[in-house]
Amino acid sequence: VAAQAAEMRGRGTTLGAIVGFADLCDDRLDEALDAHVAAGDALFRGIRHATGWSPHEGVGRSHTKPTEGLMGTEAFRRGVARLGERGLSFDAWLYHPQLDELVELARAVPEVTIIADHLGAPLGIGPYRGRPEEVDEPWRRSLTDLAACPNVWMKLGGVGMARYYGMDWAEAERPPSSEQVAAHWQDRVRWCIDTFGPDRCMFESNFPVDRETLPYAVLWNSLQIIASPYSDDEQDRMFHGSAETAYRLEDA
């Protein structure tokens, strides 16, 4: 896909970096990473090994079928540390009750760049449905601890994922407007920006998954509305500069 995009200069977007998957607990991790590096043709930057797990009915596991407490296991931490040794980053997709596990992981491997995906997933499904105030207190407490780890960055997005956040937008006659999306998410997103700082925050689209509730233009317009109180320099960081730094796009 990256090669096809490169051939479309002027008509499409050329990729600047690729984050792939490998089982960080596998004894053959280096073999998988070598293959990614070879296939990536200088674009490969890191691994996302999803660890989303919950004991509650109505909250499914991530597609990688993780077990409880995976991030705290010796094998997983050894795999993340190996990424750092090879100059690669780790993308973390998990649920908000697991954020303390990510804090401990970040402290254990301070040399590894870690990117927390999708706002740290403040869930709105299963037992968390309709209880945003109860979710926000532990979510904010854990993210405050996570922000204190200088090796961690925050991705601001995934805001169309009703399957995790419980919005009713997918059942509506029309998709929400950019203003509606911004109104729903702005308090949480701006809190993340103010906690991590614009230099360690990056807006994301999470397409095609966000498409279940949002058109692409509505998504990006809503993020621009949310970002509007910040300075031009701060917006430059959040819309591209932070990603360039975290994923080393200058090396591409």
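**Strand pairing**

I started with strand S3 (residues 89–92), which is joined by 3 bridges to strand S4 (residues 114–116), the two running parallel. Two strands count as paired if DSSP finds at least two bridges between them. I then looked up Asp 91 and found that its bridge partner in S4 is Ile 115.

This is a predicted model, in which local features need pLDDT of at least 70, side-chain atom pairs count only at pLDDT 80 or more, and totals for chains, interfaces and linings use all residues. Residues are numbered from 1 along each chain as its sequence is written, and side-chain values use heavy atoms, without hydrogens and water.

**The sheet**

I traced an open sheet of 6 strands in the order S1-S2-S3-S4-S5-S6, with parallel pairing. Strand S1 (18–20) and strand S6 (201–203) are the edges, each pairing on one side only. Neighbouring strands are turned by 30° against each other on average, direction ignored. Helices (H or I, at least four residues) and strands (E, at least two) are DSSP runs, numbered from the N terminus.

**Helices on the sheet**

I found helix H2 (residues 29–40) lying across S1 and strand S2 (44–48), at about 135° to S2. Helix H7 (residues 178–196) lies across strand S5 (152–156) and S6, at about 160° to S5. Contact means heavy atoms within 4.5 Å. Axes are lines fitted to C-alpha atoms, for helices over the stretch in contact, and angles run from 0 to 180 degrees between N-to-C directions.

**Glu 104**

I placed Glu 104 in helix H4 (residues 99–108). Glu 104 has a relative accessible area of 39%, so it is partly exposed (buried is under 20%, exposed over 50%, partly exposed in between; 1.4 Å probe, protein chains only).
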